[in-house]
Structures are given as structure tokens and as C-alpha cells.
Protein chains: 2
Amino acid sequence: MTSGFDVRASALNIRPVRKEDHAQIEDFLRASPNFNADEVTTALELIDESLAGDPDYLVNVLENEQGHIIGFECHGPTPLTDGTFDLYWIAVDPRAQKRGHGGRLLRATEDDVARRGGRLLLIETSSQPAYAPTVAFYRRNGYHLDARIHDFYRRGDDKLVFAKEMTEESGRPGRSG
Amino acid sequence: MTSGFDVRASALNIRPVRKEDHAQIEDFLRASPNFNADEVTTALELIDESLAGDPDYLVNVLENEQGHIIGFECHGPTPLTDGTFDLYWIAVDPRAQKRGHGGRLLRATEDDVARRGGRLLLIETSSQPAYAPTVAFYRRNGYHLDARIHDFYRRGDDKLVFAKEMTEESGRPGRSG
């Protein structure tokens with residue numbers, strides 16, 4: 001308080017998205033090999049919906065020490081369900097991967113879902129080999145494959161639905177894992 | 001042409017929804033035991049999106065001989081897929097059921113999906129016993145259970161995903177079945 005030193009400036013920070021983050025998120029999404037142009041457009045539309053106040057889309061960003069946005073996630077309550085949430089997007093700047101940032105964003109998501117009374121978090125992804133690291137990431141974080149819709153994205157490309165039950169511990173600050 | 005007799009007035013008619021149909025659809029949806037208030041609201045929102053020109057939601061209505069709307073369906077291309085479509089809603093006025101109207105609407109849907117180059121039509125429903133007649137209706141019309149998301153709607157109430165591949169014959173006027 002008496003010096004100019006701000007401890008928060010030396011740490012990673014997860015916070016709700018703001019309008020001025022849009023360009024930075026677009027920048028690293030377009031640099032991500034896992035997302036095609038349609039997917040980037042869809043992700044940016046969800047962010048805009050969230051910024052416009054739509055309660056169905058909740059977006060958090062991960063800021064690095066320099067205040068740059070290096071990741072984001074978008075989740076929300078699944079329509080017509082009681083306590084189910086979807087994680088619609090989670091992405092980390094490809095230049096900042098393999099440092100646990102995805103796990104940080106995912107825990108922040110789970111905390112928020114649990115705080116809102118959610119009991120189940122679902123994540124959809126593709127069965128294509130390119131998504132194997134993504135699938136491994138979900139499994140490592142406690143998600144199991146709950147359903148598969150065959151040929152969903154295109155012939156030979158199934159939709160996989162991963163699920164994790166939110167327990168009492170989810171959402172508790174300082175829990176292990 | 002020379003008499004006042006219009007043969008079309010004596011037949012059932014399936015056509016795209018118009019603004020003036022909204023009240024009649026709302027009326028019979030509210031009379032349907034299978035839909036709760038949230039679901040009716042969601043269905044009406046999709047109809048409004050369609051009327052506003054959103055190409056993601058295509059709505060047809062079934063008119064009876066007197067020009068009353070006795071059923072509707074809403075389908076559309078599933079985002080981020082190549083050739084997959086969702087049937088979001090299909091409903092027949094409870095006072096006009098058990099007369100094959102649901103099957104007529106479903107065939108009109110399949111024709112439209114095939115005409116648009118769709119290869120797969122998906123329908124989601126609930127595992128609750130109340131939906132057993134709905135499930136039987138889909139199976140009778142060639143849909144198979146492709147996936148189940150456990151506890152999706154609420155604990156003990158799974159989401160069932162039924163699927164049917166659109167073949168060359170789908171969409172051909174006058175095909176059998």
C-alpha cells in the first residue's frame with residue numbers, strides 16, 4: 001500500500017472478459033491450428049453475446065504477467081436442464097501452451113459452475129486424431145467419455161461428449177487438484 | 001378455376017410458417033402435456049427466429065382442411081457440421097393426434113434436409129417414461145438411439161440422441177414409407 005509495487009502484476013490473473021480483450025483473443029485464435037475460420041467466428045460470436053450481457057455465455061480470460069490475454073474459456077448453463085453446464089470453448093495461445101494454463105482456466109470454470117449450483121459439466125469435442133491431446137487433457141482433469149454421436153461433424157468424425165460431476169469440493173477455493 | 005370449389009381446401013397442407021400462425025402454435029403447445037412452460041417459450045423463440053429470417057431455424061406447419069394449424073416442426077443445419085441437421089421440435093395439437101400427422105411432418109422434414117444436401121438427421125429427447133410414445137414414434141420412423149448423455153436434464157433424466165441417415169431416397173416425392 002505504501003510502495004508502488006503491486007503483487008497482482010507479477011501473477012497470472014483469471015477475470016471476466018472485457019470489450020478490449022476481443023482483438024487479442026481473435027489474434028491467438030486465428031494463430032491456433034486447432035480452430036478453423038468458422039470455429040473462430042463462432043467463438044467470437046459467443047464472446048460478443050457474453051459482452052452484450054447474455055447470461056447463457058460466461059467468459060473468463062487468463063492474463064499473463066504483462067497483462068496480455070493468453071487464454072479464454074466460455075461456459076454457460078445448458079438450456080432446458082437443471083444444473084447441467086456446457087464448456088463451449090477453452091483455448092490457450094499456442095505460444096503459451098504446455099504451462100498448465102488450460103488446467104487453470106478449467107478449474108476456474110468448474111469453480112464458477114459449482115458456485116452457480118451446477119452438478120454436471122459437459123465438454124464436446126471431435127474424435128479426429130488431431131484432437132487427441134485435447135481428449136487427453138480432459139481425461140487428465142477428471143472427465144470421462146459419456147457419449148459419442150457417430151459421424152456428427154462429418155463422415156468418420158464423431159462428436160465426443162465428456163462429462164464431469166461437480167462435487168461438493170468443486171468450487172472450494174484452495175481444494176487440491 | 002371456374003367454380004368456387006378449391007381442392008386444396010379439402011386436403012392437409014404442409015407449408016413454411018407465417019407470422020399469423022404464431023398464436024395458434026402457442027395455443028396448442030400450451031395445451032400439450034409433454035411441454036412445460038420453459039419448453040413452450042423456447043419453441044416460440046425458435047419460431048420467432050425463423051420468422052425473422054434466421055437460416056438456422058426452418059419451420060413448417062401442418063394445416064388441416066379448415067386452415068387451422070394442427071402441428072409444426074422446426075429443424076436446421078447443426079452448427080459446425082458438414083451435412084448434419086437437427087430436428088429441434090415436432091409437435092401436433094393433442095386434439096389431433098394418432099392420425100399420422102407427426103409422421104407427415106417428419107417426412108416433410110426429411111425431404112427438406114435431403115434437398116439441402118443433409119446426410120444425417122438427429123433428434124434429442126428425454127429418457128423419462130413420459131417420452132416413451134415419442135421414442136416409439138422415432139423408432140417407427142427409422143431412427144436409432146445413437147447416444148445417451150446421462151443425467152443431462154436432471155439426475156436420472158438422460159438425453160437420448162436418435163439418428164437417421166438420409167439416403168438417396170429421402171427427399172424424393174412419392175417414395176414409399
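1. Let's start with a term: a polar contact is a pair of N or O atoms within 3.5 Å, where, within protein, one atom must be able to donate a hydrogen and the other to accept it, and residues adjacent in sequence count only if both atoms are side-chain atoms. With that rule, 10 residue pairs are in polar contact across the interface of chain A and chain B, both residues of a pair being at pLDDT 80 or more. Keep in mind as you read on that this is a predicted model.

2. Now for the pieces of chain A that do the touching. At least two residues each come from α2 (37-51), β4 (84-92), β5 (120-126), β6 (144-154) and β7 (157-165) of chain A. The largest share is from β6(A), with 9 residues. Sorted by class, the side of chain A that touches chain B holds 10 charged, 9 nonpolar and 5 polar residues.

3. How much area is buried between chain A and chain B? The figure is about 2,000 Å², and carbon and sulfur atoms give 57% of it. On the chain A side, the residues that lose the most area to chain B are Leu80(A), Arg119(A) and Phe152(A), which together make up 28% of what that side buries. As for head count, chain A brings 24 residues to the contact and chain B brings 24 residues.

4. Salt bridges are worth a look too. The rule finds 2 of them across the interface of chain A and chain B. Arg154(A) and Asp82(B) join their side chains in a salt bridge, at 3.6 Å from N to O.

5. Over all chains, the salt bridge count comes to 22. Have a look at Arg148(A) and Asp158(A), a salt bridge whose closest N and O atoms are 2.8 Å apart. Why does this pair tie together parts that are 10 residues apart in sequence? Because Arg148(A) lies in strand β6 of chain A, while Asp158(A) lies in strand β7 of chain A.

6. Over in chain B, find the open sheet of 7 strands, with mixed pairing and the order β1-β2-β3-β4-β5-β7-β6. Its edge strands, β1 (13-16) and β6 (144-154) of chain B, each pair on one side only. On average, neighbouring strands are turned by 25° against each other, direction ignored.

7. Zoom in on one end of that sheet. β1(B) pairs with β2 (residues 58-63) of chain B in the antiparallel sense, over 4 bridges, and Pro16(B) stands opposite Asn60(B) in β2(B). Helix α1 (residues 22-30) of chain B packs on the sheet, where the helix touches β2, β3 (69-77) and β4 (84-92) of chain B. The direction of this helix makes about 100° with that of β3(B).

Conventions: Residues are numbered from 1 along each chain as its sequence is written. Chains are lettered from A and ligands numbered from 1 in the order in which they are written. This is a predicted model: local features need pLDDT of at least 70, side-chain atom pairs count only at pLDDT 80 or more; totals for chains, interfaces and linings use all residues. Side-chain values use heavy atoms; hydrogens and water are left out. Contact means heavy atoms within 4.5 Å. Buried area is the accessible area (1.4 Å probe) that two parts lose on being put together, summed over both. A salt bridge is a side-chain nitrogen of Lys or Arg within 4 Å of a carboxyl oxygen of Asp or Glu. Ala, Val, Leu, Ile, Met, Phe, Trp, Tyr, Cys and Pro count as nonpolar, Asp, Glu, Lys and Arg as charged, and the others, Gly among them, as polar. Two strands pair if DSSP finds at least two bridges between them. Axes are lines fitted to C-alpha atoms, for helices over the stretch in contact, and angles run from 0 to 180 degrees between N-to-C directions.
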